[in-house]
Amino acid sequence: MSMKKKVMTISLAAAIAVTAIPAVNVAAEGSVPTIDQIKVGEDYKDLEASVKVLTNRTDIVDTVYKGYAEQFMELYPNIKVEYEGITDYEESLNLRLTTGDWGELCFIPTGVAKNELSTYFTPLGDFETLDETYNFVQDKSFDGTVYGIANGGTASGVVYNKRIWKEAGIEELPKTPDEFLEDLQKIKDNTDAIPLYTNFAAGWPMGAWDAYIGVAATGDADFMNNTIVHTKNPFAKRDDMTGPYAVYYTMYESVARKLVEEDPASSDWESSKNMINKGEIATMVLGSWAVNQCKDAGDTPEDVGYMPFPISVDGKQYAGAGGNYAFGINKEASEENQTAAMLYLKWLIEESPIYEYEGSIPALKSGDLPDALADFEGVELLADNPAKEGEETYFNDVNNESEVGINNNDYPDCEILEAALYESATLDELMDTWNEKWSDAQESLGIKVTE
């Protein structure tokens, strides 16, 4: 079975269903329709409105994204769509959201808690309804209502230069952390490439490692939203080298063994894409969204590949499939502009070429896997299951109270690199500290803990 047509397990750990959008009449005049209530190209043809879209993709805001807006405006000539690219996206958006005056459509910042979504964003529809059609809607839903739909999704793996790995004499992709480290050493010994590029200076690529501690490290779709919040010492080392410790061990040892760039503080994200394309870099730990960017950054796109993260659970590899930034609509915008944003959002995620261009898992469950996942044959893709009813905020609560900062703070991961680089602390010492903080937060919040 070709990977292109392989069925993905990315919705509540169940098989993807191909479900048609129900035919529902548009909302009554004077209210904003939900995304399932509209038919793009048929409804609201006379609507006069404007849509400003905020994005972190400053590299394509005036080219690719402008092209999407122009295509949409051919369908709706009375709706003006424009993009604004923002470099310091998270920091800027967290400030601008509070004003309500930021535009109509944006990528929802990761720092917005689920129970705060209704404060800033327009309901896109009922969870049960939208979950039949779109991937990853559980990520930005609360109390049965969806407030954001992911701009497609990514699988958790590793970008690599296939030519360099082959020149190093590596014949099989690694399946464990130690095999991965041995392969990096072979690359260092047998090629001129940097074995693993951390992109430490950019900050956010360090935080990207957190995406691997769930499904990829455990094979458990419940781990991130249910298991970890009730687990005693979740960062402790496991005998089978799975779980969060194994992920951070891979990072720590890569740095400690000097298998990364000589001066991580001077690394550069934009140039790293060209460097891995040319073979000056062999490997980067990033989501599958990065594959096409690295392919497009040089003259040898055929050398850029994507492998599963090197952890095996009982002999099997897993990959987390998660949503990218989710689109959200400004609830403070006029009803006309909110409706226009709903139309543009639906067109963008269902009819535009955005997922083919970006090489990501499409928002529609009926879509095909991207070619970038060709090396994932036999790897099971799972999305994080939602939290149990009544525990929707538990992970955010413990994560914030403990200040461990998984998935919303780059500093803890940067601290691991610095400890390895300067030999200021062992990984066991760091993980013991994280476990202590996590346990204190569980106790403070009154969350039941199991062994």
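In this predicted model, a polar atom of the Thr191 side chain lies 3.2 Å from the backbone nitrogen of Ala193, and a polar atom of that side chain also lies 2.7 Å from the backbone oxygen of Ile187. Thr191 itself sits in the loop between helix H6 (177-190) and helix H7 (204-207). Leaving aside neighbours within four places in sequence, Thr191 is in contact with Ile164, Glu167, Ala168 and Lys186. Is Thr191 buried or exposed? Because its relative accessibility is 12%, and buried means under 20%, Thr191 counts as buried.

Just after H10, Lys258 takes a positive phi of about 60°.

Turning to the cysteines, a search of the whole structure finds 0 disulfides. Cys414, for example, is in no disulfide, and the nearest cysteine sulfur, that of Cys294, is 19 Å away. Cys414 counts as buried because its relative accessibility is 11%, and Cys106, at 0% relative accessibility, counts as buried too.

Finally, there is the question of confidence. The protein averages a pLDDT of 91, and 93% of the residues score at least 70. Over residues 1-29, however, pLDDT stays under 50, and for these residues the model has 75 contacts beyond four places in sequence.

Definitions and conventions. Residues are numbered from 1 along each chain as its sequence is written. This is a predicted model: local features need pLDDT of at least 70, side-chain atom pairs count only at pLDDT 80 or more; totals for chains, interfaces and linings use all residues. Side-chain values use heavy atoms; hydrogens and water are left out. A disulfide is a pair of cysteine sulfur atoms within 2.5 Å. Buried means under 20% relative accessible area, exposed over 50%, partly exposed in between (1.4 Å probe, protein chains only). pLDDT is the predictor's confidence in each residue, from 0 to 100. Contact means heavy atoms within 4.5 Å. Helices (H or I, at least four residues) and strands (E, at least two) are DSSP runs, numbered from the N terminus. A polar contact is a pair of N or O atoms within 3.5 Å; within protein, one must be able to donate a hydrogen and the other to accept it, and residues adjacent in sequence count only if both atoms are side-chain atoms.
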